[in-house]
Amino acid sequence: MIKNIKWFLRIGDDYLEDAKCYRTKQDAVRAYREVATELYRYGQTLQASLHIAQNKDEVVEYPDYVLSLSHSGRVVLERT
């Protein structure tokens, strides 16, 4: 098990080094939901990815989860 894990949220086409760090998965999902919901109001969609790592240097290209917003406004997390 990884100690001191952090959740790195990469929104859209952001670079890996631009991924934002969150203490919990719930915090990262909440941040994604806020941005995705706002864009959805204007007919735009937004995907994001969650990466589990101890620090930003360990964030790799392949995510642990892919996030999207359903038509009902729920965040869908797909484990990769």
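How many aromatic pairs does the structure hold? It holds 1 aromatic pair. The model is predicted, and the tour starts at that pair.

**Stop 1: the aromatic pair**

Select Trp7 and Tyr65 and show their side chains. The ring centres are 6.2 Å apart and the planes meet at 40°, so the pair is tilted. Now colour the strands: Trp7 belongs to β1 (residues 6–11) and Tyr65 to β4 (residues 65–69).

Tyr65 has a relative accessible area of 14% and is buried.

Arg79 lies over the face of the Tyr65 ring, at 4.9 Å from the ring centre.

**Stop 2: strand β3**

Select residues 48–53, which form strand β3. Of its 6 residues, 5 are buried, so β3 is largely enclosed by the rest of the structure.

Next, show β1 beside β3. The two strands run antiparallel and are joined by 6 bridges. To find one place where they face each other, select Ile11 and Ala48: Ile11 stands opposite Ala48 in β3.

Then turn to β4. It pairs with β3 over 3 bridges, again in the antiparallel sense. Select Ser49 and find Val66 opposite it in β4. Leu50 stands opposite Tyr65, the tyrosine of the aromatic pair.

**Stop 3**

At 17% relative accessibility, Ser68 counts as buried. Setting aside residues up to four places away in sequence, Ser68 touches Tyr32, Leu46, Gln47, Arg74, Val75 and Val76.

Which residue of β5 is the bridge partner of Ser68? The partner is Val76. Strands β4 and β5 run antiparallel and are joined by 5 bridges. Follow the chain from β4 to β5: the hairpin has 5 residues between the strands, and Gly73 takes a positive phi near 90°.

Now select Leu69, also in β4. With residues up to four places away in sequence left out, its contacts are Tyr32, Ala36, Thr37, Tyr40, Arg74 and Val75. For a distance to check in the viewer, pick the C-alpha atoms of Leu69 and Asp27: they are 16 Å apart in space, while the residues are 42 apart in sequence.

**Stop 4: helix α1**

Select residues 25–40, which form helix α1. At 1.5 Å a residue, its 16 residues should span 22 Å, and the end C-alpha atoms are 22 Å apart, which agrees.

Where on the helix are the buried residues? Colour Ala28, Val29, Ala31, Tyr32 and Ala36, which are buried in α1. They cover an arc of only 160° around the axis, which puts them on the same side of α1.

What covers the buried residues of α1 includes β1, β2 (20–22), β3, β4 and β5 (75–79).

How values were computed. Residues are numbered from 1 along each chain as its sequence is written. This is a predicted model: local features need pLDDT of at least 70, side-chain atom pairs count only at pLDDT 80 or more; totals for chains, interfaces and linings use all residues. Side-chain values use heavy atoms; hydrogens and water are left out. Rings of Phe, Tyr and Trp (its six-membered ring) pair if their centres lie within 6.5 Å; planes under 30 degrees apart count as stacked, over 60 as edge-to-face and the rest as tilted. Helices (H or I, at least four residues) and strands (E, at least two) are DSSP runs, numbered from the N terminus. Buried means under 20% relative accessible area, exposed over 50%, partly exposed in between (1.4 Å probe, protein chains only). A charge sits over a ring if NZ of Lys or CZ of Arg is within 6 Å of the ring centre and within 35 degrees of the ring normal. Two strands pair if DSSP finds at least two bridges between them. The expected span of a helix is 1.5 Å times one less than its number of residues. The arc is that of the directions from the helix axis to the C-beta atoms. Contact means heavy atoms within 4.5 Å.
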